[in-house]
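Dear colleague,

I am handing over the structure we spoke about, and I would be grateful if you could look through it alongside the notes that follow.

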Amino acid sequence: MKRCFCVISRFIYLSTERNKGASLVSNVRHDHTRAAAAKTLSDFRWEESKSSDSQKWSRLEHNGPYFAPEYDPLPASVPFYYDGQLLKLSPATEEIATFYAKMLDHEYTSKEAFQNNFFTDWREEMTSEERKQIKTLSKCDFSHMHKHFLEKSEERKNMTKEEKQVLKEESSRLVEQYGFCVLDGHREKIGNFKLEPPGLFRGRGEHPKMGKLKKRIQPEHVAINCSQDAKIPEAPAGHRWKRVQHDNTVTWLASWLENIHGRPKYIMLNPSSKLKGEKDWQKYETARQLKVCVNAIRKQYKRDWTSREMKSRQRGVAIYFIDKLALRAGNEKDEESADTVGCCSLRVEHISLHRRLDGLEHVVEFDFLGKDSIRYYNKVPVEKQVFKNLKLFIKHKDPEDDLFDRITTVNLNKALNECMPGLTAKVFRTFNASTTLQDQLNKLTAEDMTVEEKILSYNRANRAVAILCNHQRAAPKTFEKSMQLLQEKIQKKKEQIEEAKRELKAAKKAHRDAPSDRCRKLVEKKEKLVQRLCEQLKKLQLQETDREENKVIALGTSKLNYLDPRITVAWCKKHNVPIEKIYNKTQRDKFTWAIHMTDESFQF
C-alpha cells in the first residue's frame, strides 16, 4: 500500500501523468466510508522514499541565508541636531537613528511605549561620549534624516526602465543563488532566504515591546542544517557559523534566536515544496477525520456540563466554545507580551451574561483582544446548561480572575487527543472553517450564474469563514479612493448605456420608417452594444459590492491556513470558474498538490 501511494506522489510532483495520480487518490477517497478513506490515506507519502516516519529527507544541500547589506552611512549633507546643536553620530548610532527617522510620519512614533523602548535600546548602542550628550529623545531632531529618506523614496519611484531592470536582474541573481536548495535530488524553492534586516519592532496593537531594536543578524548567530555528505554553505568573509548540524528529522535550513523575544526563527522551504504540501495535506485530512467522530465528541462535552468535577465542566464548556465559535485555545502569556487571550485564558471581565438580550435567551457577550490584538466582540445565545455553568464559574471571582481556572490548553488538547489521535483546538478551527466554506458554497452557488456572480458567491462564503474565525483588518488606506474611481466608472458606463439606448431607439425608428438590410444590421449592432455595455455594468457593480463587503474582512488568512484547498479546486472545476480567479500565483504554488489531485466531486 505504501509503495502504491509513493507512486501516486511521484505522479503529482514529478511526472506528466498527473491526472492518473489524481484518479487513483480519488478512488481511495471515495472507497467505503470517509473514515475508511481517511485511515487508508494516512499511509500516503509525498516523498519517494523514507526510512522512518521521523525522517523528512535523505539529502539536503543549500547556500545558506542571504544577509542584509552592511550599513551605508548617510552623506555629510544630512545633519543630526541635538538640542539645536549639530552632532556627528558614530555609524552604529546613526544607523539606529535612521530606523526612527524613517518612521516619523507613522503613528507608532507618537506612542510613549515606542519612544521609551527605542530610546533605551538606542542609548545602549551609543558610545560613552554620545550617551553623555544625548539624554532626552524630545531634543533629538530627526527631520533632516526623514526628509532625506522621503527624497530617496521619490527617486526610487521615478527610476528609469533601465534602472529598474538592473535591480530586477540583481534580485533574480540573489534568488538563483540563495533561493533554492536540493532536497533528495530535486530542486526546491526556499521560502524566506533573506534574513530580516535590523530595525525597530512594531508588534500588533499595544505591544509592550514596540520600539525595541531588532539587532542585525550575523553568521555567528546562525545554525546551518544540511546533510552530512553535502557541501557546507560558506559563511560571509571574516565570519563563521554558530554551528553546522545534520538533522533530517526537521525541515528547516537555518535557525537563529531573535533578540526581542528570544525565540528561534527559521529559514524554511517554500509552501509549494513537497514537504510543505505533505504537511498541508495531513492537516486537512486530520480535520476531515474529525467529521467522523465530531458527534461523539459533542455528546461527551455536553455530558461534561453536568459533571460533579468542576474541571470537567470547565473543559466541556471550553470545548463547546472552541467548536461553536471557532475560538483559539489561548496560551499563557508572559508579562512582556501583549495582553491577548484565547478560550482557555479568558478572564471574567471578558464576558457578560444576559438572561435575555435582543429577544434571545441565555446570551453571552464576549469582548476581548485575540491574536494580533484584534478585538473579538460577539453576542451569542448558548445552551441553557452552558449559561448556568458560566454563572457558576464567575461566582465569587474578580474581573481579572481566570474564567476557566481549572484547565489549561495543555490538558484541554490532551483530552481532545484522547477523543481522536491528532485532535487539537486548532483542528476544530480548521474543521469548522472548511465545513462552513463547503456548506456556504453549496448554498450560494447556482449553475445559471455568470462567472462574476459565482466569484461573488465564493467571496461571500469565504467571508462567512473569516467572520467565524474573526479575521478582521483595517480598511485599506486606498479604499475610499479606489471605490470613488470604481463608482466613476459605473457612472460613466451608465451614461454610455443611455447613449447606446438612444442610438438603438433611433435605429429602430429608422428601420420602421424605411426597412432595409442596412438598417436591420444597424439595429442588431446597437442591440449587441447595449447588451455588452449592460454586462460590463453588471461586472462593475458586482466588483463594487464585493469590495464594500470585504472592506474590513481579511479573506486571505482563512484561504491560506484554514480552508481545505480541495473544496475550492473542486468548486472551480464543477462550476467552470478559472482557478486563477480565486487563487493568485503564490496560492496556486502552495496548493499544487490539491489542484492536481482533486476532481469536481470532492466534498469536505
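**Cavities**

The second largest cavity has a volume of about 30 Å³. Please bear in mind throughout that this is a predicted model. The search of the whole structure finds two cavities of 30 Å³ or more.

**A helix crossing**

Helix α9, which covers residues 274–304, and helix α13, which covers residues 425–444, have axes that come within 9 Å and cross at roughly 95°. Because angles of 65 to 115 degrees count as roughly perpendicular, α9 is described as roughly perpendicular to α13. On the α9 side the contact is made by Tyr284, Thr286, Ala287, Leu290, Lys291, Val294, Ile297 and Arg298, while α13 contributes Val427, Phe428, Thr430, Phe431 and Asn432. The residues of this contact of α9 with α13 divide into eight nonpolar, three polar and two charged.

Strand β14 (residues 360–369) pairs with strand β13 (residues 351–357) in the antiparallel sense over six bridges, and Ser352 stands opposite Glu365 in β14. The hairpin of β13 and β14 has two residues between the strands, and Asp358 takes a positive phi near 55° there.

β14 also pairs in the antiparallel sense with strand β15 (residues 375–381), in this case over seven bridges, and the bridge partner of Asp367 is Tyr377 in β15. The hairpin formed by β14 and β15 has five residues between the strands, and in its turn Asp372 has a positive phi of about 60°.

**A three-stranded sheet**

Elsewhere in the model, three strands form an open sheet in the order β3-β2-β4, with antiparallel pairing. The edges are taken by β3 (85–86) and β4 (140–141), each of which has a single partner strand, so one side of each is left without a neighbour in the sheet. Strand β2 (residues 81–82) runs antiparallel to β4 and is joined to β4 by two bridges; in this pairing, the bridge partner of Tyr82 is Cys140 in β4.

Terms used
Residues are numbered from 1 along each chain as its sequence is written. This is a predicted model: local features need pLDDT of at least 70, side-chain atom pairs count only at pLDDT 80 or more; totals for chains, interfaces and linings use all residues. Side-chain values use heavy atoms; hydrogens and water are left out. Axes are lines fitted to C-alpha atoms, for helices over the stretch in contact, and angles run from 0 to 180 degrees between N-to-C directions. Helices (H or I, at least four residues) and strands (E, at least two) are DSSP runs, numbered from the N terminus. Angles under 35 degrees count as roughly parallel, over 145 as roughly antiparallel, 65 to 115 as roughly perpendicular and the rest as oblique. Contact means heavy atoms within 4.5 Å. Ala, Val, Leu, Ile, Met, Phe, Trp, Tyr, Cys and Pro count as nonpolar, Asp, Glu, Lys and Arg as charged, and the others, Gly among them, as polar. On a 1 Å grid over the protein atoms alone, a cavity is a set of points where a 1.4 Å probe fits but cannot get out, and a pocket is an open set with protein on both sides within 12 Å along at least five of seven lines; lining residues have an atom within 4 Å of a point. Grid points are joined across faces, edges and corners, and a volume is the space filled by probe spheres set on the points. Two strands pair if DSSP finds at least two bridges between them.
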